[in-house]
Amino acid sequence: MKEIETKADVELLIDVFYQKLVKDELVSHFFTHLNLKEHLPRVVQFWSFILLDEAGYSANMMEKHASLNLDEASFDRWLKLFHETVDQFFVGEKAELAKQRSTLIAWTMKTKFLK
């Protein structure tokens, strides 16, 4: 186990996380239409901005997800899989930050998007 220190660490986290998402029976349908070769670098860029203070992410993440018709169970599964993947590979301050921020993101999206 190691700390999240580099962009390669973030890439590992996101690659394995998305491998889980696309295989998960509850949430995989949200990802079938995506071109992951284009999408994953953007996700890595977002989490590198959050965890490593790397400049360059400027998209509105909330806006990008507004039309997906997400439900509470899907948010909860996304969060569970994200935390599971963080814990699978990483420890330390940035790992805890990743889990805290993902929890905040899920909560914010739930309050904005769930009816």
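Visitor: In which helix is Ser-48 found?
Guide: This is a predicted model, and the numbering of its helices starts from the N terminus. The element that spans residues 36–52 holds Ser-48, and that element is helix H2.

Visitor: Does Ser-48 count as buried or exposed, and at what relative accessibility?
Guide: A residue is buried when its relative accessible area is under 20%. Ser-48 therefore counts as buried, its relative accessibility being 1%.

Visitor: Which residues is Ser-48 in contact with, leaving aside its neighbours within four places in sequence?
Guide: Ser-48 is one of the buried residues of H2, a list that also includes Val-44, Trp-47 and Leu-51. With neighbours within four places in sequence left aside, the contacts of Ser-48 are Lys-7, Val-10, Asp-53 and Glu-54.

Visitor: How does the reach of H2 stand against the span expected at 1.5 Å a residue?
Guide: H2 has 17 residues, for which 24 Å is expected. From first C-alpha to last, the helix comes close to that value, reaching 22 Å.

Visitor: How are the axes of H4 and H5 arranged?
Guide: Two packed helices are described by the angle and the distance between their axes. The axes of H4 (residues 72–89) and H5 (residues 93–113) come within 10 Å and cross at roughly 175°. An angle over 145 degrees counts as roughly antiparallel. The relation of H4 to H5 is therefore roughly antiparallel.

Visitor: Which classes of residue form the contact of H4 with H5, and how many of each?
Guide: On the H4 side the residues include Phe-75, Trp-78, Leu-79 and Phe-82, and on the H5 side Ala-98, Ile-105, Ala-106 and Met-109 are among them. By class, the contact has eleven nonpolar, three polar and five charged residues.

Visitor: How far apart are Lys-80 and Thr-103 in space, C-alpha to C-alpha?
Guide: Lys-80 lies in helix H4 and counts as partly exposed because its relative accessibility is 48%. In sequence, Lys-80 and Thr-103 are 23 residues apart. In space, their C-alpha atoms are separated by 9.5 Å.

Visitor: What percentage of the residues in the protein chain is buried?
Guide: The protein chain has five helices and zero strands, and its elements run α-α-α-α-α from the N terminus on. Of its 115 residues, the buried share is 43%.

Note on methods
Residues are numbered from 1 along each chain as its sequence is written. This is a predicted model: local features need pLDDT of at least 70, side-chain atom pairs count only at pLDDT 80 or more; totals for chains, interfaces and linings use all residues. Side-chain values use heavy atoms; hydrogens and water are left out. Helices (H or I, at least four residues) and strands (E, at least two) are DSSP runs, numbered from the N terminus. Buried means under 20% relative accessible area, exposed over 50%, partly exposed in between (1.4 Å probe, protein chains only). Contact means heavy atoms within 4.5 Å. Axes are lines fitted to C-alpha atoms, for helices over the stretch in contact, and angles run from 0 to 180 degrees between N-to-C directions. Angles under 35 degrees count as roughly parallel, over 145 as roughly antiparallel, 65 to 115 as roughly perpendicular and the rest as oblique. Ala, Val, Leu, Ile, Met, Phe, Trp, Tyr, Cys and Pro count as nonpolar, Asp, Glu, Lys and Arg as charged, and the others, Gly among them, as polar. The expected span of a helix is 1.5 Å times one less than its number of residues.
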